[in-house]
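Thanks for coming. I will go through some side-chain contacts, starting with charged pairs and then moving to rings.

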Amino acid sequence: MTNPQLTSFYQRFGAGDGLFYPGHASALVVLGGKKILFDPIVLSQPYDNAWVFYPPQVVDPRWYEVDAVVVSHIHQDHYDVPFLSKLKPEVKLIIVGDRPGFESDIKEKVGREVTVVPPETVNEIFPGVKLYAINHESNGIDSSAIVYNDRFCVYHGNDNYLQPESMRKFTQINPHINVACVPYAYIHWYPFLMEYDDDVEGKAHKERERARLVNHYMDDFLNNVEILNPDVAIPFGANLLIDDGNMRSDINMAVQTPVELTDYAHKVRPETARRVQPMLAGDYYGIGPDGPELTIAQTYEAESYRDDAQEFLASRPQKSASVDGPAVDMQQFLHKLNARLEGCGAPIDNIVRMDMDYRGDKVRVEIDCLTYQARMVDQFTEGRPYHHFKLDKVASSDWLNGASFLEILGTRRFTLKRVPDLYMPDLLRLVNTVF
């Protein structure tokens with residue numbers, strides 16, 4: 001089915017210059033009639049269907065008819081392999097280079113030609129249409145870009161948090177940015193899924209960490225709006241909720257909505273806030289014969305937005321753990337896990353506890369990071385520093401059936417307690433890449 005808002009946008013700006021917002025971190029940019037679609041999510045749902053978009057992404061058959069699709073990076077809420085595989089050969093599929101892992105992954109999985117453009121270089125992707133991109137300074141994953149012609153320019157920031165000196169490079173390439181899609185949301189499991197002592201200090205510590213991190217990323221949004229100085233800034237990439245039936249669960253409350261970000265901007269930096277527009281899926285902006293035109297279908301107060309999102313989440317069926325087929329062979333699971341743990345590097349004085357609920361039974365696996373050996377236990381070892389993960393039924397089944405632990409972290413179907421409560425990046429790197 002075609003989307004009426006997209007139809008209206010095409011009628012108004014399809015032969016000219018404008019931006020249509022499909023939702024979350026996607027953007028359709030039209031430049032002189034050329035249609036460039038960034039980070040579309042059409043046929044997949046991120047992280048084992050654990051997340052859902054609200055408002056829902058605009059899905060339209062005309063996404064297959066654009067002139068180019070740009071994929072910013074490999075994360076599942078930006079990288080829809082089934083959709084990309086169905087694109088016609090004449091649709092240019094573009095990524096930014098200097099990320100060999102992403103380049104090899106997309107070429108292997110999509111099975112079609114991919115145009116790889118160099119970063120920090122002006123690339124003419126169509127006559128008169130240019131793209132300039134900057135990769136994240138250190139993480140090897142993210143990339144942001146401006147796409148522009150001589151009349152209109154859009155910054156697509158996805159969830160790439162660049163340093164100020166990198167952000168300023170975009171304004172040196174094209175000084176006037178009409179629309180800046182700027183990320184702001186701290187979408188992470190820390191500290192929202194952490195277990196602290198259930199006392200006044202434990203609760204206060206969690207709240208301090210929550211406020212520090214959430215506000216840090218909203219302030220980063222405002223800093224970048226001031227650097228880019230766009231006509232319109234879209235709070236970008238936070239229309240993604242944990243599909244837990246509760247818009248006010250700890251993890252969903254952690255992510256500030258575009259409306260809440262806009263309220264925050266007006267409170268702390270009212271001059272900058274004048275540029276901020278909490279656009280949602282289906283809203284659009286373009287340059288008409290009489291100048292800029294902004295179309296927003298519905299405006300919200302902060303609580304009315306959460307009320308509508310709550311109604312949406314509550315209407316969805318809750319995911320349950322799969323019980324199809326034979327139960328997992330636990331010895332085979334341990335054998336594979338221990339094979340992955342071989343050669344992990346320097347020992348770490350910490351035990352990773354995996355506390356699982358699988359087919360009605362408690363399953364406990366502990367990984368001793370001094371020896372990098374995993375074993376099943378009836379009771380966890382006491383007297384040693386530990387990270388204690390508690391997985392729900394869905395996450396337990398997924399990990400035991402072969403999902404990477406990075407995928408489990410993405411589902412947010414767990415809690416974690418650390419004793420002592422220390423941030424240990426080397427251990428978390430193993431959890432993300434080996435387990």
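**Charged pairs and ring pairs**

Arginine 151 forms a salt bridge with aspartate 17, and their closest N and O atoms are 2.9 Å apart. A salt bridge here is a side-chain nitrogen of Lys or Arg within 4 Å of a carboxyl oxygen of Asp or Glu. The pair links distant parts of the chain, 134 residues apart: arginine 151 is in the loop between strand E10 (143-148) and strand E11 (153-156), and aspartate 17 is in strand E1 (residues 17-23). Helices (H or I, at least four residues) and strands (E, at least two) are DSSP runs, numbered from the N terminus.

This is a predicted model: local features need pLDDT of at least 70, side-chain atom pairs count only at pLDDT 80 or more, and totals for chains, interfaces and linings use all residues. Residues are numbered from 1 along each chain as its sequence is written, and side-chain values use heavy atoms, with hydrogens and water left out.

Is each partner buried or exposed, or in between? Arginine 151 is partly exposed at 48% relative accessibility, while aspartate 17 is buried at 7%. Buried means under 20% relative accessible area, exposed over 50%, and partly exposed in between (1.4 Å probe, protein chains only).

Next, aspartate 368 and arginine 384, whose side chains meet in a salt bridge at 3.0 Å, N to O. Aspartate 368 lies in strand E18 (residues 361-368) and arginine 384 in the loop between strand E19 (373-376) and strand E20 (386-391), so this pair ties together parts 16 residues apart in sequence. Aspartate 368 counts as buried at 18% relative accessibility; arginine 384, at 21%, counts as partly exposed. Through shared partners, salt bridges also join Asp17, Asp150 and Arg151 into one network.

How many salt bridges does a search of the whole structure find? The search finds 27. One of them is between arginine 12 and glutamate 293, with the closest N and O atoms 2.5 Å apart. Arginine 12 is in helix H1 (residues 4-13) and glutamate 293 in strand E16 (residues 291-295), so the pair ties together parts 281 residues apart in sequence.

Now the rings. There are 25 aromatic pairs, counted when the ring centres of Phe, Tyr and Trp (its six-membered ring) lie within 6.5 Å; planes under 30 degrees apart are stacked, over 60 edge-to-face, the rest tilted. Tyrosine 79 and phenylalanine 102 form an edge-to-face pair, 5.5 Å centre to centre with 90 degrees between the planes. Tyrosine 79 is buried at 7% relative accessible area, and phenylalanine 102 is buried at 5%.
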